[in-house]
Amino acid sequence: MTDEKRSLRQKDFWAALALMAASAGLLFKTLEIPFFQARAAGIADGKWYNSAAIVPYMVFGLLFVLSVTLLVISIRGDGLPTRADLEKIAAQARAPLFQKFCIICLMLLAYIFGLVPRVDFTLATALVMMALTYGFYEGRMRPAILSLILVLLPSVYAMIVHFPSEQWAKPHDDDIVTLIGFVVLVGVALVEAIRTHGSLPGYLRYVPIISFFTPLLLVIAMAFGFHQNVPNRTGLLFSQIEYHYYVTLKPLLDGRKD
C-alpha cells in the first residue's frame, strides 16, 4: 500500500470517529422527542408514525451506520494509527499553536453554552472580547492561560448555580460574578503588561473600552433600533436600560413628559 493511500485511510479513521460521536450525540438528543406518545396537529396520538422523531432517527441512524462502515474500511485499509503515529499526534498536541487553538475553543464554548444563555449579553461579550484580545495579541502563553481562567470561572459558576433553563432569569449573582471577572481581567492585564514591558502597551489603553461599549451599543441597536430579540433581557445591565428606555426616555421622546 502506498503512503498516500495509507494517509487517506488514517484520515478516514479520524473522520469516522468524529462522525460516530456526532451522530451518537444527535441520536441521544432525539430521545427527548416523544416517539410512542406522538402528537399530530396538537392532539395526543399514540401512533408512532406521527412522531416528529422518525426523520431524525432515520438521518442520524444512517449517519451512525455510515460512520461505522467508514471506520471498518479504514481499519482494513491499514488506517489504524500506529504507536509512532500517536506519538507524533501527542507531539503536535504539545505545540503552542495547538494549545492556543484549544484555549480559543474552550473560551467560545464557555461563552456560547455557559455565559450567553444566563448572563447579561454586554457583560459576557465584554469579558470574552477582552480575553481574546489580551490573551492572543502578543502571542505569549501566559496571557492566554490567564484569560481562559477568568472566562471559565464565571461560566462554570453560572452553569452550576443556574443550570436549568427556568433559572436563567434568576437573580443577578452570575452577572455580578461576570462583571467582577471582567474587572479582574482588565486589572491583571494592565499589571502583567506593565511588569513584562515596563510600560503600558498602546492596545491595552483602548481594548477594555472597546470590549465593553461594542456589545453595549450592539444590544441597544438590536433591541430598540431593529426591534430584534436579544439574549437574556433580564440581565443586570440590559434590564435597567430597557426599563429607563420605556419609563424615562420614550415618554420624553413622545412628548408625554409627566
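Is F224 buried or exposed, and what is its relative accessible area? F224 is buried, at 12%, where buried means under 20% relative accessible area, exposed over 50% and partly exposed in between, with a 1.4 Å probe and protein chains only.

This is a predicted model, in which local features need pLDDT of at least 70, side-chain atom pairs count only at pLDDT 80 or more, and totals for chains, interfaces and linings use all residues. Residues are numbered from 1 along each chain as its sequence is written, and side-chain values use heavy atoms, with hydrogens and water left out.

**View A. F224, F238, Y245 and Y246 make up one aromatic cluster.** Rings of Phe, Tyr and Trp (its six-membered ring) pair if their centres lie within 6.5 Å; planes under 30 degrees apart are stacked, over 60 edge-to-face, the rest tilted. F224 and Y246 have ring centres 6.1 Å apart and planes at 70 degrees, so they sit edge-to-face. F224 comes from helix α8 (residues 207-225) and Y246 from helix α9 (residues 236-253), so the pair ties together parts 22 residues apart in sequence. (Helices are DSSP runs of H or I, at least four residues, numbered from the N terminus.) Y245 and Y246 are edge-to-face too, with centres 4.9 Å apart and planes at 85 degrees. Y245 is buried at 18%, while Y246 is partly exposed at 44%.

**View B. Here's I104, part of helix α4 (residues 96-115).** I104 is partly exposed, with 31% relative accessibility. Leaving aside residues up to four places away in sequence, I104 touches L132 and F136; contact means heavy atoms within 4.5 Å. The C-alpha atoms of I104 and V219 are 24 Å apart.

Terms used:
Helices (H or I, at least four residues) and strands (E, at least two) are DSSP runs, numbered from the N terminus.
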